[in-house]
Amino acid sequence: MRAMVRHRDPGMPSARRTVGEPGLYRAVQIRDVSRPLQPGGTELVLKLLLIYNPQAGNGRGRKMLPRIQARFRSLGCKVDLKLTERQGHGISLTESADLSGYDGVVAAGGDGTTYEVVNGYYRNPSPEKPPLGIIPNGTGNAFVREMDLFGSDWERAIDIIVRG
């Protein structure tokens, strides 16, 4: 199984990033590992901060939310959901979050939501930042199309976020 690895380039801020399937943009190297286990042999639960735009995709985001939450639950993830309420809200939600308690930050929406979450992520004062994932459910999704994902690939995107 592929996993998140810590990027240790001294010229870059310390951050973990997930990488996807062959052909996707790779920010760091990958290695094969088994999913981490807690004492007793049960899998660790991923705790994710989900910044979600319910207006994405001309309102399709609101309809998709229950399915997205169910998918994360089925994969054993605990998700803290933060809904954006206005333009620019994704920046402030991500910037002010205590990222130390999360295994990942996920932006769900279109290109605007991704832009906001990435900017808030890098403005966040946390010295250690978890990996950043994207669930495409906007109208254009130009950014994730460059990674061979499309608006209908939300399940695949979640699988990449959770399993690496």
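Student: Which residues does asparagine 124 touch, not counting residues up to four places away in sequence?
Tutor: This is a predicted model. In it, asparagine 124 touches Thr94, Glu95, Ser96, Ala97, Leu99 and Lys129, with residues up to four places away in sequence left out.

Student: Where is asparagine 124 found?
Tutor: In the loop between helix H3 (111-123) and strand E6 (132-136).

Student: How far is asparagine 124 from alanine 97 in sequence and in space?
Tutor: They are 27 residues apart in sequence, and 7.4 Å apart in space, C-alpha to C-alpha.

Student: And what does the side chain of asparagine 124 reach?
Tutor: The backbone oxygen of glutamate 95, at 3.0 Å.

Student: Is asparagine 124 buried or exposed?
Tutor: Buried, because its relative accessible area is 3%, and the cut-off for buried is under 20%.

Student: Now histidine 89. Buried or exposed?
Tutor: Histidine 89 also counts as buried, at 10% relative accessibility. Histidine 89 is in helix H2 (residues 89-96), and it touches Leu83, Thr84 and Glu116, not counting residues up to four places away in sequence.

Student: Change of topic: at what angle do the axes of H1 and H5 cross?
Tutor: At roughly 35°, and the axes of helix H1 (residues 60-74) and helix H5 (residues 154-163) come within 10 Å. The crossing is right-handed.

Student: Which residues meet there?
Tutor: From H1, Met64, Arg67, Ile68, Arg71 and Phe72; from H5, Trp154, Glu155, Ile158, Asp159, Val162 and Arg163. That contact divides into six nonpolar, no polar and five charged residues.

Note on methods. Residues are numbered from 1 along each chain as its sequence is written. This is a predicted model: local features need pLDDT of at least 70, side-chain atom pairs count only at pLDDT 80 or more; totals for chains, interfaces and linings use all residues. Side-chain values use heavy atoms; hydrogens and water are left out. Axes are lines fitted to C-alpha atoms, for helices over the stretch in contact, and angles run from 0 to 180 degrees between N-to-C directions. Helices (H or I, at least four residues) and strands (E, at least two) are DSSP runs, numbered from the N terminus. A crossing is left-handed if the near helix is turned anticlockwise from the far one by less than a right angle, and right-handed if clockwise. Contact means heavy atoms within 4.5 Å. Ala, Val, Leu, Ile, Met, Phe, Trp, Tyr, Cys and Pro count as nonpolar, Asp, Glu, Lys and Arg as charged, and the others, Gly among them, as polar. Buried means under 20% relative accessible area, exposed over 50%, partly exposed in between (1.4 Å probe, protein chains only). A polar contact is a pair of N or O atoms within 3.5 Å; within protein, one must be able to donate a hydrogen and the other to accept it, and residues adjacent in sequence count only if both atoms are side-chain atoms.
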